[in-house]
Amino acid sequence: MEKDLEENMRTEKEMMHLILTFAKNDPRIRVVGMEGSRANVNVAKDEFQDYDISYLVTDMESFKKDDRWLDYFGKRIIMQKPEAMSLFTPTLGNWFSYLMLFEDGNRIDLKLVPIEELDLYLSRDKLLKILLDKDNRIKKPVVPTDEDYHVKKPSPEFFDDCCNEFWWVSTYVTKGLLREEILYATEFLNLCVRPNLLRMMAWKVGIETDFSISVGKSYKYMEKYLSKDVWRRLLSTYKNSTYEEVWNALFECHSLFRETSKFVAKELGYRYPDYDENVTKYIRKLYKSKVEKRPGA
């Protein structure tokens, strides 16, 4: 089945022709833009890249009232309309999106934008390529750049906030482990502790690259900038299926964070906080008294 999917997958040329032909033939669509990785010359192309497309239109409601026009793009496996969902809060304001995965494996994230908000659209994301402008509304050339996604140098306040959140929430993980509430412990490890470790690691990468690169969404390019040993240690923190593994993951996060944040502090001339030592002593004391003394430990 995977082989059939690859053989029948429409090419980039075919998909772009489909997207632009629809736009050219529909008078409601006045401008077409493309964002995301396909507009980024620094990202290697592959078959899993989405087509992040925006149609700037004169009549939003005529599109939204009936989804049958979307059938033009192919047979869908699944579609999501984030702005029409109740469980999750919409984030696009007056804009409306259709996230579509097709049977051939292609995916289009299609966004509708009122033409009146063209200036807002052009200013929101610099990683943007204009594919069609029927009325020559855009007077200045739009050159796509991923500079908005480059790792940014943290301010002293950002640096300290990252450190504070990391060490503060580590005590939550500890509390969950001592109570034998593994879901509680891993929730805070995965949603607060490790994300701040990754943020600090990205700042280190930024320093080493003069803040000229992006580590990608969800830090997906981070591996390229880490040593094999550090990468191995980071991956070990994702082993969270037993209490012992979560303890080990927490302690490895501590070691990595300490090494990384001290490097960042030194390079940027920031003060490394003393609460690292205080929190570490507190957690280690609890671990030794509550865990190491258990029968069979």
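Student: Which residues does Lys-153 touch, not counting residues up to four places away in sequence?

Tutor: Lys-153 touches Phe-211, Leu-268 and Tyr-270. Keep in mind that this is a predicted model. Lys-153 is found in the loop between strand S6 (128-133) and helix H5 (156-178).

Student: Why is Lys-153 called exposed?

Tutor: Its relative accessible area is 55%. Exposed means over 50%. Therefore Lys-153 counts as exposed.

Student: How far apart in space are Lys-153 and Leu-132?

Tutor: They are 36 Å apart, C-alpha to C-alpha. In sequence, 21 residues separate Lys-153 and Leu-132.

Student: Why does His-254 count as buried?

Tutor: The relative accessibility of His-254 is 4%. The cut-off for buried is under 20%. So His-254 is buried. His-254 sits in helix H8 (residues 243-268).

Student: What makes the pair of His-254 and Ser-170 a polar contact?

Tutor: Their side chains come to 3.1 Å. The limit is within 3.5 Å for a pair of N or O atoms, one able to donate a hydrogen and the other to accept it. So the pair qualifies. His-254 also touches Phe-166, Trp-167 and Ile-283.

Student: Why is Ile-78 called exposed?

Tutor: Ile-78 has 53% relative accessibility. The threshold is over 50%, so Ile-78 is exposed. Ile-78 is found in strand S3 (residues 76-80).

Key: Residues are numbered from 1 along each chain as its sequence is written. This is a predicted model: local features need pLDDT of at least 70, side-chain atom pairs count only at pLDDT 80 or more; totals for chains, interfaces and linings use all residues. Side-chain values use heavy atoms; hydrogens and water are left out. Helices (H or I, at least four residues) and strands (E, at least two) are DSSP runs, numbered from the N terminus. Buried means under 20% relative accessible area, exposed over 50%, partly exposed in between (1.4 Å probe, protein chains only). Contact means heavy atoms within 4.5 Å.
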